[in-house]
Amino acid sequence: MMRSALLLLAAAVHVAASYPANCCQSLKSKLPGQVFLSNEATYAQLNNQRWSNTSILAPNCVFQPKAPEDVSKGVKLLVTNSCPFAIKSGGHNPIPGANNIDGGVSIVLGALNQIELASDGKTVRLGTGARWGQVYKAFADKGLLVPGGLCGGTGIGGVSTGGGESYLLASHGWVVDNVVNYQVVLASGAIVDANQKSNSALYKALKGGGNNFGVVTRIDVVAIEQPKIWGGSILLPYFPDSAIATLNAITNFTTLSNTQPNNGAQVVITYTATGQALIALSVASTDGTVNSTGLAPFTSLQPQIANTVGLRTISDIVTELDANQADGFRDTSATITFKNDPATLFAVHNASDQVYLKYNATVPYLDWVVFYVPTAKIDSTHAAARGGNVLGLEDNPEDLIVAFITPRWLDAAQDPVMYEMAREWVDAVTKAAGVNRHRFLYQNFAAPSQKPLCGYGAKNVEFMKGVSKKYDPGEAFQKLVPGGFKVSKAC
Ligand SMILES: Cc1cc2nc3c(=O)[nH]c(=O)nc-3n(C[C@H](O)[C@H](O)[C@H](O)COP(=O)(O)OP(=O)(O)OC[C@H]3O[C@@H](n4cnc5c(N)ncnc54)[C@H](O)[C@@H]3O)c2cc1C
């Protein structure tokens, strides 16, 4: 309560000090009931709906469109008047400025929350204001599995334009590879469909290109008939033996994914501020195979403190995972990708631990969270069926591991320290990975100091620049939307 009052006060002071109200006033007149200034209660309510407190900034106003046509009117007005703006879907990204803006207009898409089965019964239509947890819940009793974020709080917009890792990575590819249509509002205000037949270059560019081309208002995604999967969480105590066994299991599982792709896993290692050290294995056999041998590297690990693996809905499993990813903290993230090689994984893990030990000694409340995501060769083979994506992994000849950190703390005074920590972590793990570091960086896990779009490779960067030029010739999404990673500054 106290914290949100302070944030509101900070927002009001900042706005009064620096920004003219023209953009917001014009928007408010054009779209009554959808634009909120900092002296209105709805402003704080909408502005604070973010996973991390580090992303609660001080926009001049918040614009909550009710329909794609409202997004169109709003974007057209903002672009015509050169008004800076930010785009927020689920609001899960903790990097300040990724989904919010100091001054300017914060577009929050929460009211575009449609979740429905298309008439073909095989695709689902998702408004980009919805979150993946809501999607899984909506389809739980219809026996449908939809590729999406494993954290229920992640939004449709960020995941479906950034990449999208899920339990279905090996069997169906990245989330973007399962999107059959994006409905997009361009800088001109035009509402277009981007798919394999219409605006196909835009369609491909959106599959990893982030917020560089427009505001996505709806996606249509392939759904899979699979009422229950065999999955859940396994909790182990962290000590040297269990850590070594887990790291070996990650490399074994990654290799095995190529021949047993109906299995997915993420490994989270946490050192809490209260002194606990835990390993949480999140595993699933997505075709519902009980005791799947593809998951054996993880399910065989001992000693297990808890094990919830069973035949369950994805909704049930994701709800359980969400309990460990609470909102209301200050958070950041950073990532690295490297070859699936045990020695490299051990070196990266040790280097990461050294950074933790240094900062844990000085940051008053620090929960350290490291994710390891097995990313096998087979994952990228699914993209071609729908015209490819821009992630630059299609010719990848080797199995990879994506690691990312999402440490959390409480005191805003520690923000600069933690951002320095993220830079130091990137340097340390990059050095540790050495020649086995891979150029790919998942943009949704990347730190502001990283250049994930550059990691897609020169061909994809040129392709995205071409699409930006065609669909946004005035470079509105490069110049007026500072958040996110920009193609114009890719490398
Ligand atoms: C604890 C944790 C767990 C995670 N788990 C997963 C996971 O399982 N799988 C996975 O793939 N990722 C995961 N992520 C990363 C996640 O993909 C990103 O945080 C992602 O940005 C969340 O999407 P969002 O819609 O909530 O994004 P937001 O924070 O709303 O936006 C992020 C970026 O996307 C842009 N954007 C959002 N919506 C649109 C839109 N409609 N049109 C154009 N641009 C848009 C924004 O401008 C911003 O730059 C996780 C992150 C954390 C911290």
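How many salt bridges does the rule find across the interface of domain 1 and domain 3? The count there is 0. Keep in mind throughout that this is a predicted model.

Some layout, for those new to the structure. The protein chain has three parts: domain 1 covers 23-108, domain 2 covers 115-225, and domain 3 covers 229-452. I will stay with domain 1 and domain 3. Taken over C-alpha atoms, their centres lie 32 Å apart.

Now the interface itself. On one side, 9 residues of domain 1 take part, and they are in contact with 16 residues of domain 3. The size of an interface is often given as the accessible area lost when the parts come together. For domain 1 and domain 3, about 910 Å² is buried between them, and 54% of that is on carbon and sulfur atoms. The side of domain 1 that touches domain 3 consists of 4 nonpolar residues, 4 polar ones and 1 charged. Although the rule gives 0 salt bridges here, 8 residue pairs are in polar contact across this interface, both residues at pLDDT 80 or more.

Next, the disulfides. A disulfide is a covalent bond between the sulfur atoms of two cysteines. The rule counts 3 of them in this model. One joins Cys 23 and Cys 83, with 2.2 Å between their sulfur atoms. This link ties together distant parts of the chain, 60 residues apart: Cys 23 belongs to helix H2 (residues 22-30), while Cys 83 sits in the loop between helix H4 (68-80) and strand E3 (85-88). The angle about the S-S bond of Cys 23 and Cys 83 is -90°, and the link is left-handed.

Definitions and conventions
Residues are numbered from 1 along each chain as its sequence is written. This is a predicted model: local features need pLDDT of at least 70, side-chain atom pairs count only at pLDDT 80 or more; totals for chains, interfaces and linings use all residues. Side-chain values use heavy atoms; hydrogens and water are left out. Domain bounds come from an automatic or database domain assignment. Contact means heavy atoms within 4.5 Å. Buried area is the accessible area (1.4 Å probe) that two parts lose on being put together, summed over both. A salt bridge is a side-chain nitrogen of Lys or Arg within 4 Å of a carboxyl oxygen of Asp or Glu. A polar contact is a pair of N or O atoms within 3.5 Å; within protein, one must be able to donate a hydrogen and the other to accept it, and residues adjacent in sequence count only if both atoms are side-chain atoms. Ala, Val, Leu, Ile, Met, Phe, Trp, Tyr, Cys and Pro count as nonpolar, Asp, Glu, Lys and Arg as charged, and the others, Gly among them, as polar. A disulfide is a pair of cysteine sulfur atoms within 2.5 Å. Helices (H or I, at least four residues) and strands (E, at least two) are DSSP runs, numbered from the N terminus.
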